[in-house]
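Trainee: Could you walk me through how to read a few features of this structure? I'd like the general idea each time, then the actual case.

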Amino acid sequence: MIKIAVLGYGTVGSGVVELIERNNTLLKERAGEEIVIKYILDLRDFPGDPYEDKVVHDFGMILTDPEISILCEVMGGVGAAYRFTKQALEAGKSVCTSNKELVAKHGAELLAIAGRMRCNYMFEASVAGGIPIIRSINSALVADRVEAVTGILNGTTNYILTKMEQEGADYGDALKQAQELGYAERNPEADVEGLDTGRKIAILADMLTGKSVDPDKVATEGITKITTADFAYARAAGMTIKLLARCRVLEDGSAWVMVAPYMLPTEHSLGRVDDVFNGVQITCTMLGEAMFGGKGAGKLPTASAVAADVMDCAMHPGRTVMRAWSDEEAKLTDTAQTESRFFLRVKAGSADTVRKAFAGSVPVTAEREEDEGFFTPAMKEKEFRAICAGLGDVVLNRIRLV
Ligand code: HSE
(Lines give C-alpha, C1' and ligand atoms only; values in the text may rest on other atoms or scores of the structure.)
Protein backbone atom coordinates (compact mmCIF):
# COMPACT_ATOMS: atom_id res chain seq x y z
CA MET A 1 0.00 0.00 0.00
CA ILE A 2 1.36 3.44 -0.94
CA LYS A 3 0.17 6.22 1.32
CA ILE A 4 0.09 9.76 0.04
CA ALA A 5 -0.81 13.24 1.26
CA VAL A 6 -2.59 15.97 -0.68
CA LEU A 7 -1.56 19.53 0.25
CA GLY A 8 -4.45 21.88 -0.58
CA TYR A 9 -8.10 20.84 -0.87
CA GLY A 10 -9.19 23.35 -3.51
CA THR A 11 -10.23 22.71 -7.13
CA VAL A 12 -7.20 20.63 -8.09
CA GLY A 13 -6.79 18.94 -4.69
CA SER A 14 -10.40 17.75 -4.64
CA GLY A 15 -9.91 16.56 -8.24
CA VAL A 16 -6.87 14.47 -7.21
CA VAL A 17 -8.84 12.92 -4.33
CA GLU A 18 -11.79 12.18 -6.65
CA LEU A 19 -9.57 10.62 -9.32
CA ILE A 20 -7.70 8.40 -6.87
CA GLU A 21 -11.02 7.22 -5.45
CA ARG A 22 -12.73 6.63 -8.82
CA ASN A 23 -9.73 4.95 -10.51
CA ASN A 24 -8.63 3.04 -7.43
CA THR A 25 -8.73 -0.45 -9.01
CA LEU A 26 -6.98 0.66 -12.20
CA LEU A 27 -4.24 2.43 -10.20
CA LYS A 28 -3.71 -0.65 -8.04
CA GLU A 29 -3.41 -2.90 -11.10
CA ARG A 30 -0.89 -0.60 -12.74
CA ALA A 31 1.19 0.38 -9.69
CA GLY A 32 1.06 -3.11 -8.22
CA GLU A 33 -0.04 -1.61 -4.90
CA GLU A 34 -3.05 0.30 -3.70
CA ILE A 35 -2.68 4.11 -3.59
CA VAL A 36 -4.32 5.46 -0.45
CA ILE A 37 -4.84 9.06 0.61
CA LYS A 38 -3.83 9.29 4.27
CA TYR A 39 -3.85 13.06 4.79
CA ILE A 40 -5.34 16.16 3.20
CA LEU A 41 -3.66 19.34 4.42
CA ASP A 42 -5.72 22.53 4.41
CA LEU A 43 -6.26 25.51 6.68
CA ARG A 44 -10.01 24.92 6.54
CA ASP A 45 -12.23 22.18 7.93
CA PHE A 46 -14.67 20.39 5.66
CA PRO A 47 -17.60 19.25 7.81
CA GLY A 48 -19.75 16.68 5.98
CA ASP A 49 -17.10 15.99 3.34
CA PRO A 50 -16.52 12.23 2.80
CA TYR A 51 -12.78 12.83 3.46
CA GLU A 52 -13.34 15.07 6.46
CA ASP A 53 -11.46 12.67 8.78
CA LYS A 54 -8.29 12.90 6.64
CA VAL A 55 -8.06 16.68 6.85
CA VAL A 56 -5.16 17.92 8.99
CA HIS A 57 -3.78 21.40 9.60
CA ASP A 58 -0.24 20.55 10.68
CA PHE A 59 2.29 19.82 7.94
CA GLY A 60 4.63 18.33 10.58
CA MET A 61 2.34 15.28 10.87
CA ILE A 62 2.86 14.53 7.18
CA LEU A 63 6.57 15.27 7.16
CA THR A 64 7.35 13.03 10.13
CA ASP A 65 5.08 10.16 9.10
CA PRO A 66 7.36 7.44 7.63
CA GLU A 67 4.37 5.87 5.87
CA ILE A 68 4.03 8.88 3.56
CA SER A 69 6.28 8.56 0.51
CA ILE A 70 4.49 10.82 -1.99
CA LEU A 71 2.92 14.28 -1.59
CA CYS A 72 0.74 16.20 -4.05
CA GLU A 73 1.39 19.93 -3.64
CA VAL A 74 -1.65 21.60 -5.16
CA MET A 75 -1.87 24.58 -2.82
CA GLY A 76 -0.14 27.10 -5.10
CA GLY A 77 2.03 30.09 -4.25
CA VAL A 78 5.70 30.24 -3.36
CA GLY A 79 5.52 30.66 0.42
CA ALA A 80 4.35 27.64 2.41
CA ALA A 81 4.30 25.53 -0.77
CA TYR A 82 8.05 26.15 -1.26
CA ARG A 83 8.91 25.38 2.38
CA PHE A 84 6.80 22.22 2.49
CA THR A 85 8.13 20.95 -0.85
CA LYS A 86 11.74 21.51 0.14
CA GLN A 87 11.28 19.82 3.52
CA ALA A 88 9.50 16.84 1.96
CA LEU A 89 12.17 16.34 -0.72
CA GLU A 90 14.94 16.68 1.86
CA ALA A 91 13.18 13.91 3.80
CA GLY A 92 13.29 11.73 0.64
CA LYS A 93 9.56 12.03 -0.09
CA SER A 94 8.52 12.66 -3.71
CA VAL A 95 6.41 15.72 -4.52
CA CYS A 96 3.99 16.01 -7.47
CA THR A 97 2.74 19.50 -8.21
CA SER A 98 0.54 21.70 -10.39
CA ASN A 99 2.28 24.81 -9.01
CA LYS A 100 3.86 26.48 -12.05
CA GLU A 101 4.91 29.55 -10.09
CA LEU A 102 7.01 27.42 -7.75
CA VAL A 103 8.49 25.24 -10.52
CA ALA A 104 9.33 28.33 -12.61
CA LYS A 105 10.98 30.11 -9.65
CA HIS A 106 12.68 27.27 -7.75
CA GLY A 107 12.60 24.27 -10.11
CA ALA A 108 16.40 23.91 -10.43
CA GLU A 109 16.91 23.86 -6.66
CA LEU A 110 14.02 21.45 -5.96
CA LEU A 111 15.02 19.06 -8.75
CA ALA A 112 18.60 19.02 -7.43
CA ILE A 113 17.35 18.03 -3.96
CA ALA A 114 15.16 15.30 -5.46
CA GLY A 115 18.16 13.96 -7.41
CA ARG A 116 20.32 13.93 -4.30
CA MET A 117 17.66 12.21 -2.20
CA ARG A 118 16.72 9.69 -4.94
CA CYS A 119 13.12 10.81 -5.01
CA ASN A 120 11.17 12.94 -7.50
CA TYR A 121 9.90 16.45 -8.02
CA MET A 122 7.24 16.03 -10.71
CA PHE A 123 5.32 18.85 -12.36
CA GLU A 124 3.33 17.54 -15.35
CA ALA A 125 0.23 19.53 -14.30
CA SER A 126 2.15 22.79 -14.13
CA VAL A 127 2.17 23.31 -17.92
CA ALA A 128 -0.87 22.90 -20.21
CA GLY A 129 -3.03 21.17 -17.57
CA GLY A 130 -3.81 17.61 -18.60
CA ILE A 131 -1.62 17.54 -21.73
CA PRO A 132 1.44 15.30 -21.16
CA ILE A 133 3.96 17.78 -22.54
CA ILE A 134 6.48 17.61 -19.67
CA ARG A 135 6.63 13.82 -19.76
CA SER A 136 6.94 13.89 -23.56
CA ILE A 137 9.93 16.24 -23.48
CA ASN A 138 11.50 14.46 -20.48
CA SER A 139 11.14 10.88 -21.63
CA ALA A 140 9.37 10.22 -24.95
CA LEU A 141 11.68 12.68 -26.74
CA VAL A 142 14.76 12.03 -24.60
CA ALA A 143 16.83 11.05 -27.67
CA ASP A 144 15.85 14.16 -29.61
CA ARG A 145 16.50 17.89 -29.21
CA VAL A 146 13.46 20.16 -28.88
CA GLU A 147 14.50 23.38 -30.62
CA ALA A 148 11.30 25.39 -30.39
CA VAL A 149 7.89 25.49 -28.75
CA THR A 150 4.81 27.53 -29.62
CA GLY A 151 1.83 27.01 -27.38
CA ILE A 152 -1.53 28.15 -26.15
CA LEU A 153 -0.83 27.48 -22.48
CA ASN A 154 -3.60 29.26 -20.61
CA GLY A 155 -7.16 27.94 -20.61
CA THR A 156 -8.74 31.07 -19.13
CA THR A 157 -7.45 33.49 -21.76
CA ASN A 158 -8.15 31.03 -24.56
CA TYR A 159 -11.71 30.68 -23.28
CA ILE A 160 -12.12 34.48 -23.15
CA LEU A 161 -10.68 35.03 -26.65
CA THR A 162 -12.86 32.24 -28.07
CA LYS A 163 -16.03 33.77 -26.55
CA MET A 164 -15.04 37.20 -27.90
CA GLU A 165 -14.38 35.79 -31.35
CA GLN A 166 -17.30 33.42 -31.72
CA GLU A 167 -20.04 35.09 -29.65
CA GLY A 168 -18.92 38.73 -29.71
CA ALA A 169 -18.87 38.41 -25.91
CA ASP A 170 -17.87 41.15 -23.57
CA TYR A 171 -14.39 40.57 -22.04
CA GLY A 172 -15.65 40.84 -18.42
CA ASP A 173 -18.52 38.37 -18.89
CA ALA A 174 -16.24 35.80 -20.53
CA LEU A 175 -13.72 36.13 -17.67
CA LYS A 176 -16.53 35.62 -15.13
CA GLN A 177 -17.64 32.43 -16.89
CA ALA A 178 -14.05 31.10 -16.93
CA GLN A 179 -13.79 31.79 -13.19
CA GLU A 180 -17.09 30.01 -12.52
CA LEU A 181 -15.83 26.99 -14.45
CA GLY A 182 -12.77 26.80 -12.17
CA TYR A 183 -10.22 27.66 -14.88
CA ALA A 184 -8.91 30.96 -13.59
CA GLU A 185 -6.12 31.61 -11.09
CA ARG A 186 -7.11 33.05 -7.70
CA ASN A 187 -5.96 36.39 -9.04
CA PRO A 188 -7.18 36.56 -12.67
CA GLU A 189 -4.55 39.18 -13.44
CA ALA A 190 -2.04 36.31 -13.61
CA ASP A 191 -4.11 34.84 -16.47
CA VAL A 192 -5.13 37.92 -18.44
CA GLU A 193 -1.80 39.74 -18.14
CA GLY A 194 0.02 36.65 -19.44
CA LEU A 195 1.99 35.96 -16.21
CA ASP A 196 0.66 32.40 -15.84
CA THR A 197 1.58 31.72 -19.48
CA GLY A 198 4.99 33.30 -18.85
CA ARG A 199 5.67 30.91 -15.96
CA LYS A 200 4.66 27.93 -18.10
CA ILE A 201 6.86 28.87 -21.05
CA ALA A 202 9.71 29.58 -18.60
CA ILE A 203 9.42 25.97 -17.38
CA LEU A 204 9.49 24.63 -20.95
CA ALA A 205 12.42 26.96 -21.72
CA ASP A 206 14.24 25.57 -18.64
CA MET A 207 13.81 22.08 -20.07
CA LEU A 208 14.89 23.13 -23.57
CA THR A 209 17.98 25.10 -22.50
CA GLY A 210 19.00 23.00 -19.48
CA LYS A 211 19.41 26.29 -17.57
CA SER A 212 17.15 28.48 -15.42
CA VAL A 213 14.93 30.93 -17.28
CA ASP A 214 13.75 33.66 -14.92
CA PRO A 215 9.94 33.94 -15.42
CA ASP A 216 10.11 37.62 -14.43
CA LYS A 217 12.42 38.30 -17.39
CA VAL A 218 10.15 36.72 -20.03
CA ALA A 219 8.83 39.45 -22.37
CA THR A 220 5.10 39.26 -21.61
CA GLU A 221 1.96 40.94 -22.94
CA GLY A 222 -1.55 39.94 -21.93
CA ILE A 223 -4.92 40.05 -23.67
CA THR A 224 -6.52 43.04 -21.92
CA LYS A 225 -6.09 45.36 -24.92
CA ILE A 226 -7.69 42.93 -27.42
CA THR A 227 -11.16 44.04 -28.53
CA THR A 228 -13.96 42.65 -30.68
CA ALA A 229 -12.89 45.27 -33.28
CA ASP A 230 -9.54 43.47 -33.63
CA PHE A 231 -11.42 40.22 -34.14
CA ALA A 232 -13.48 41.84 -36.93
CA TYR A 233 -10.25 42.50 -38.88
CA ALA A 234 -8.84 39.07 -38.04
CA ARG A 235 -12.02 37.44 -39.33
CA ALA A 236 -11.92 39.52 -42.54
CA ALA A 237 -8.37 38.23 -43.17
CA GLY A 238 -9.21 34.58 -42.40
CA MET A 239 -7.33 34.81 -39.12
CA THR A 240 -7.90 34.60 -35.38
CA ILE A 241 -6.16 35.97 -32.27
CA LYS A 242 -4.50 33.72 -29.67
CA LEU A 243 -2.27 34.32 -26.67
CA LEU A 244 0.88 32.46 -27.69
CA ALA A 245 3.88 31.42 -25.63
CA ARG A 246 6.97 30.98 -27.76
CA CYS A 247 10.49 29.76 -27.12
CA ARG A 248 13.33 29.04 -29.53
CA VAL A 249 16.78 27.90 -28.51
CA LEU A 250 19.42 29.65 -30.57
CA GLU A 251 22.75 28.18 -31.74
CA ASP A 252 24.72 29.98 -29.02
CA GLY A 253 22.52 28.32 -26.36
CA SER A 254 20.57 31.51 -25.60
CA ALA A 255 16.78 31.47 -25.83
CA TRP A 256 14.21 33.73 -27.40
CA VAL A 257 11.16 33.59 -25.12
CA MET A 258 7.99 35.61 -25.55
CA VAL A 259 4.33 35.71 -24.48
CA ALA A 260 1.94 37.91 -26.47
CA PRO A 261 -1.34 37.90 -28.40
CA TYR A 262 -0.72 36.96 -32.03
CA MET A 263 -2.89 37.03 -35.14
CA LEU A 264 -2.61 33.72 -36.95
CA PRO A 265 -4.41 32.03 -39.83
CA THR A 266 -7.38 29.93 -38.69
CA GLU A 267 -5.86 26.99 -40.58
CA HIS A 268 -2.65 27.22 -38.49
CA SER A 269 -2.35 24.13 -36.26
CA LEU A 270 -3.08 26.33 -33.22
CA GLY A 271 -5.75 28.40 -34.99
CA ARG A 272 -8.68 26.23 -33.97
CA VAL A 273 -7.53 25.29 -30.49
CA ASP A 274 -10.50 26.90 -28.76
CA ASP A 275 -12.21 27.33 -25.38
CA VAL A 276 -10.31 25.86 -22.42
CA PHE A 277 -8.19 23.70 -24.72
CA ASN A 278 -4.44 24.23 -24.87
CA GLY A 279 -2.21 23.29 -27.78
CA VAL A 280 1.55 22.87 -27.91
CA GLN A 281 3.47 22.70 -31.17
CA ILE A 282 7.09 21.59 -30.85
CA THR A 283 9.93 21.43 -33.35
CA CYS A 284 12.54 18.75 -32.79
CA THR A 285 15.80 18.14 -34.65
CA MET A 286 14.91 14.54 -35.56
CA LEU A 287 11.14 14.25 -35.19
CA GLY A 288 10.40 17.56 -36.91
CA GLU A 289 7.08 19.11 -35.88
CA ALA A 290 4.66 17.53 -33.43
CA MET A 291 1.44 18.80 -31.96
CA PHE A 292 -0.15 18.14 -28.57
CA GLY A 293 -3.66 19.15 -27.51
CA GLY A 294 -6.11 18.76 -24.66
CA LYS A 295 -7.74 20.55 -21.75
CA GLY A 296 -5.35 23.05 -20.22
CA ALA A 297 -7.24 23.80 -17.02
CA GLY A 298 -10.03 22.48 -14.83
CA LYS A 299 -10.38 20.09 -11.92
CA LEU A 300 -10.17 16.61 -13.47
CA PRO A 301 -7.85 17.31 -16.44
CA THR A 302 -5.31 18.83 -14.05
CA ALA A 303 -5.86 16.05 -11.50
CA SER A 304 -5.18 13.51 -14.26
CA ALA A 305 -1.69 14.98 -14.75
CA VAL A 306 -0.95 15.15 -10.99
CA ALA A 307 -2.11 11.54 -10.51
CA ALA A 308 0.04 10.38 -13.46
CA ASP A 309 3.04 11.83 -11.64
CA VAL A 310 1.99 10.01 -8.45
CA MET A 311 1.89 6.79 -10.47
CA ASP A 312 5.33 7.46 -11.95
CA CYS A 313 6.73 7.87 -8.42
CA ALA A 314 4.90 4.76 -7.20
CA MET A 315 6.20 2.70 -10.12
CA HIS A 316 9.85 3.88 -9.78
CA PRO A 317 10.67 3.84 -6.06
CA GLY A 318 14.22 4.96 -5.27
CA ARG A 319 14.73 6.31 -8.81
CA THR A 320 14.74 9.90 -9.97
CA VAL A 321 12.95 10.03 -13.32
CA MET A 322 12.88 13.79 -13.99
CA ARG A 323 15.92 15.35 -15.62
CA ALA A 324 17.06 18.45 -13.72
CA TRP A 325 18.22 21.75 -15.18
CA SER A 326 21.10 23.85 -13.91
CA ASP A 327 20.61 26.88 -11.65
CA GLU A 328 22.80 28.90 -14.05
CA GLU A 329 20.65 31.67 -15.52
CA ALA A 330 19.86 31.17 -19.22
CA LYS A 331 20.73 34.04 -21.55
CA LEU A 332 17.59 35.54 -23.12
CA THR A 333 17.79 37.35 -26.44
CA ASP A 334 16.44 40.88 -26.76
CA THR A 335 12.91 40.63 -28.19
CA ALA A 336 13.18 44.21 -29.51
CA GLN A 337 15.50 42.80 -32.18
CA THR A 338 12.91 40.21 -33.35
CA GLU A 339 11.43 40.63 -36.82
CA SER A 340 7.65 40.31 -37.21
CA ARG A 341 4.83 41.54 -39.33
CA PHE A 342 2.20 43.48 -37.39
CA PHE A 343 -1.52 44.13 -37.62
CA LEU A 344 -2.19 47.78 -36.97
CA ARG A 345 -5.64 49.23 -36.17
CA VAL A 346 -5.76 52.98 -36.60
CA LYS A 347 -8.32 55.78 -36.42
CA ALA A 348 -10.54 56.12 -39.47
CA GLY A 349 -9.09 58.55 -42.01
CA SER A 350 -5.41 57.84 -41.21
CA ALA A 351 -4.67 55.53 -44.14
CA ASP A 352 -2.26 57.99 -45.82
CA THR A 353 -0.33 58.51 -42.60
CA VAL A 354 0.04 54.73 -42.15
CA ARG A 355 1.12 54.17 -45.77
CA LYS A 356 3.78 56.87 -45.46
CA ALA A 357 5.03 55.55 -42.12
CA PHE A 358 5.02 51.88 -43.13
CA ALA A 359 6.04 51.54 -46.78
CA GLY A 360 4.61 48.32 -48.20
CA SER A 361 1.78 48.00 -45.66
CA VAL A 362 -1.38 46.26 -46.89
CA PRO A 363 -4.92 47.33 -45.92
CA VAL A 364 -7.31 44.83 -44.30
CA THR A 365 -10.91 45.48 -45.26
CA ALA A 366 -13.43 44.78 -42.51
CA GLU A 367 -16.16 47.25 -43.55
CA ARG A 368 -15.94 49.23 -40.33
CA GLU A 369 -16.45 52.99 -40.12
CA GLU A 370 -14.79 53.56 -36.76
CA ASP A 371 -11.28 52.47 -37.71
CA GLU A 372 -9.02 50.99 -40.40
CA GLY A 373 -6.69 48.00 -40.39
CA PHE A 374 -3.29 47.29 -41.98
CA PHE A 375 -0.66 44.58 -42.09
CA THR A 376 2.89 45.93 -42.04
CA PRO A 377 5.84 44.30 -43.79
CA ALA A 378 8.29 42.37 -41.58
CA MET A 379 10.39 44.68 -39.42
CA LYS A 380 12.25 44.70 -36.12
CA GLU A 381 10.07 45.31 -33.07
CA LYS A 382 12.30 48.21 -32.08
CA GLU A 383 11.78 49.92 -35.42
CA PHE A 384 8.02 49.23 -35.36
CA ARG A 385 7.66 50.72 -31.86
CA ALA A 386 9.60 53.84 -32.82
CA ILE A 387 7.37 54.47 -35.86
CA CYS A 388 4.20 53.87 -33.81
CA ALA A 389 5.41 56.30 -31.16
CA GLY A 390 5.71 58.92 -33.92
CA LEU A 391 2.09 58.28 -34.98
CA GLY A 392 0.76 59.10 -31.49
CA ASP A 393 -2.93 58.51 -30.79
CA VAL A 394 -3.67 57.50 -34.41
CA VAL A 395 -2.73 53.93 -33.40
CA LEU A 396 -5.59 52.14 -31.61
CA ASN A 397 -4.00 48.69 -31.34
CA ARG A 398 -1.26 46.51 -32.77
CA ILE A 399 -0.91 42.74 -32.77
CA ARG A 400 2.00 40.63 -34.02
CA LEU A 401 1.41 38.17 -36.86
CA VAL A 402 2.67 34.58 -36.69
N1 HSE B 1 -5.41 29.55 -14.80
C2 HSE B 1 -4.77 28.51 -15.50
C3 HSE B 1 -5.32 28.45 -16.91
C4 HSE B 1 -5.00 27.21 -14.79
O5 HSE B 1 -6.37 29.07 -17.14
O6 HSE B 1 -4.74 27.83 -17.77
C7 HSE B 1 -4.22 26.06 -15.34
O8 HSE B 1 -2.85 26.29 -15.25
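Trainee: Let me start with one side chain: is R199 buried or exposed?

Mentor: R199 is buried, with a relative accessible area of 18%. Buried means under 20% relative accessible area, exposed over 50%, and partly exposed in between, using a 1.4 Å probe and protein chains only. Before going on, keep in mind that this is a predicted model, where local features need pLDDT of at least 70, side-chain atom pairs count only at pLDDT 80 or more, and totals for chains, interfaces and linings use all residues. Residues are numbered from 1 along each chain as its sequence is written, and side-chain values use heavy atoms, with hydrogens and water left out.

Trainee: Which residue does R199 form a salt bridge with?

Mentor: Side chains of opposite charge can pair when their charged atoms come close. The rule used here is a side-chain nitrogen of Lys or Arg within 4 Å of a carboxyl oxygen of Asp or Glu. R199 pairs this way with E101, with 3.8 Å between the closest N and O atoms. Since R199 sits in helix α10 (residues 195–209) and E101 in helix α5 (residues 100–116), the bridge ties together parts that are 98 residues apart in sequence. Helices (H or I, at least four residues) and strands (E, at least two) are DSSP runs, numbered from the N terminus.

Trainee: Which salt bridges does E18 form?

Mentor: One goes to R22, the closest N and O atoms being 2.6 Å apart. E18 and R22 are four residues apart in helix α1 (residues 11–22), so about one helical turn separates them. E18 is partly exposed at 25% relative accessible area, while R22 counts as exposed at 59%. E18 also forms a salt bridge with K299, at 3.3 Å between the closest N and O atoms. That pair links distant parts of the chain, with E18 in helix α1 and K299 in helix α12 (residues 299–315), 281 residues apart. K299 is partly exposed, with a relative accessible area of 32%.

Trainee: How many salt bridges does the structure hold?

Mentor: There are 32. E221, E381, R385, R398 and R400 are linked in a network of them.

Trainee: On to sheets. What is the strand order in the open sheet of six strands?

Mentor: Strands of a sheet pair through backbone hydrogen bonds, either parallel or antiparallel. Here two strands pair if DSSP finds at least two bridges between them. The order is β3-β2-β1-β4-β5-β6, with parallel pairing. β3 (55–56) and β6 (121–122) are the edge strands, each pairing on one side only. Strands β4 (residues 68–73) and β5 (residues 94–97) run parallel and are joined by four bridges. C72 has C96 as its bridge partner in β5, and E73 stands opposite T97.

Trainee: What packs on that sheet?

Mentor: Helix α4 (residues 80–90) does, touching β1 (2–7), β2 (35–41), β4, β5 and β6. Contact means heavy atoms within 4.5 Å. The direction of α4 makes about 145° with that of β5; axes are lines fitted to C-alpha atoms, for helices over the stretch in contact, and angles run from 0 to 180 degrees between N-to-C directions.

Trainee: Which residues of β5 are buried on each side?

Mentor: In a regular strand the side chains alternate between the two faces of the sheet. In β5, S94 and C96 are buried on one side, V95 and T97 on the other.

Trainee: Last one: how are the rings of Y159 and Y183 arranged?

Mentor: A pair of aromatic rings is described by the distance of the centres and the angle of the planes. Rings of Phe, Tyr and Trp (its six-membered ring) pair if their centres lie within 6.5 Å; planes under 30 degrees apart count as stacked, over 60 as edge-to-face and the rest as tilted. The count comes to nine aromatic pairs. For Y159 and Y183 the centres are 5.7 Å apart and the planes at 65°, so the pair is edge-to-face. Both residues, Y159 and Y183, are buried. F343 and F375 are also edge-to-face, because their centres are 6.1 Å apart and their planes at 70°. F343 lies in strand β14 (residues 342–347) and F375 in strand β16 (residues 371–375), 32 residues apart.
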